[in-house]
Structures are given as C-alpha cells and as structure tokens.
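Hi there,

Here is the structure I promised to pass on to you. Have a look at it first, and then read my notes below.

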Amino acid sequence: MNRRAFVQRGGAAALLPLLWQQPQRAGSAAPSAASPQGGTSADTLALATVGGLVAGVGPLDNDARVIGIERRLHCTCGCTLDVYTCRTTDFTCTYSPAMHRDVVTQVQAGASAEQVVQAFVTRYGSSVLMAPPVHGFSWASFLVPALAVVAVALGLVAWLMRRRAIVMGTPDVEPAAGPDEAQLERLRRALDEVDS
C-alpha cells in the first residue's frame, strides 16, 4: 500500500490518538498534579526526539532577568546562538541546559547579572560573551574586515573611473579619406590602358 492510499483510507487518523498520548517512564505512575519545581503536570514537556519526560518549567526558567543574562552568553556547543535561543530551539544540545542551570543557580543565590556574566567569563574566557569587549588585539577583528571592504570598494571605483575615462576619451573615428588627385589620375591611366 502506498502513502496516498494509506492516507485516503484513514490510516493517518487511526494514528492520531497514539501521537497525542503523553509518554510515561517505565515503572512510573501518572504525573502528579504538581511538579517538584512548582509547576503543574501541564508544565511537563514531553520530547519525542530526546525521549521520556522533561522536568517541569520552573519559576525562573522564563524570568526576564535570566533570559537577559542568557542572551549575553554564547552557548559553548559550537553553534552561533546565545544560551537562551539554543536551549529553546535546539532540544538535542546538552550544553545550553547545563549553562541555564548554572545561571538559575547563581540568580537564586542572589548574584547580580554582572556577577553571573563575570563568573562565566572567569570559567570560559571572553569567548563566552555574545559581544566580546573591544580592547587589545580584538580591535583587529572589527577593523580588518571593514578596511578590506573599503579597500575593495575604492579599488572598484578607481577601476571604473579609469575605464570610463578611457572609453570617453577616445576620439571619434574619422571617416576614411578619399583618394587624392594623383591617385585618381593613375587610376584613369590604368583603366585607359586596359580599354585599349
């Protein structure tokens, strides 16, 4: 049976109840009404790609201060995303949830945003920052690409102006000069000799 026939016969509709069921861990009872972090069972997130249940959403997981801190930190998994974006979009990443737990732990301990960021810089170096400070050799990372673009643009403008000057500077082609009287006289004599 091909896919089209399967769908037309309602096979996909028979699979929908299976897709909507929440997976349970082996040997565990149904989730309780309240999760250990203060959320409800509706907060429990089931990820089919990772498998099993994920802990409920805690009170600081979506806190504006925590999100602000995580947006300043670069995920160390090798992606180009900040910690917040990586943990909320890439559910296979194991680095961003660990970094998120560190941020939440430090915020719960009473650390300010600057103290949390400084703790990550101490642990991972300034490469953990989404916008590293501009000092020392890091100026080159900002200046060299800009200077290269300006140099290429100036070279292109100079080449185009030179090319235009060459094209515009060529004199108009003068029509070919006709034969002078001496040449016409020789031609007449040659024709007379042929006729005779």
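These notes are about the salt bridges. Please keep in mind that this is a predicted model.

Some background to begin with: side chains of opposite charge can pair when their charged atoms come close. Searching the whole structure turns up 6 salt bridges, and here are some of them.

Start with Arg87 and Glu70, whose closest N and O atoms are 2.8 Å apart. Arg87 has a relative accessibility of 15%, so it counts as buried, the cut-off being under 20%. Glu70 is buried too, with a relative accessible area of 0%.

Next, find Asp102 and Arg123, a salt bridge with its closest N and O atoms 2.8 Å apart. Here again distant parts of the chain are linked: Asp102 belongs to helix 5 (residues 95–108) and Arg123 to helix 6 (residues 113–124), 21 residues apart. Asp102 is partly exposed at 25% relative accessibility, and Arg123 is partly exposed at 47%.

Finally, go to helix 8 (residues 181–195), where Glu185 and Arg189 are 4 residues apart and therefore separated by about one helical turn. They form a salt bridge whose closest N and O atoms are 4.0 Å apart. Glu185 is partly exposed, with a relative accessible area of 36%, and Arg189 is partly exposed at 46%.

Enjoy exploring!

Best wishes

How values were computed
Residues numbered from 1 in each chain as written. Predicted model: local features only at pLDDT ≥ 70, side-chain atom pairs only at ≥ 80, totals over all residues. Heavy atoms only, no water. Salt bridge = Lys/Arg side-chain N within 4 Å of Asp/Glu carboxyl O. Buried < 20%, exposed > 50% of the residue type's maximum accessible area, 1.4 Å probe, protein only. Helix = DSSP H or I, 4+ residues; strand = E, 2+ residues; numbered from the N terminus.
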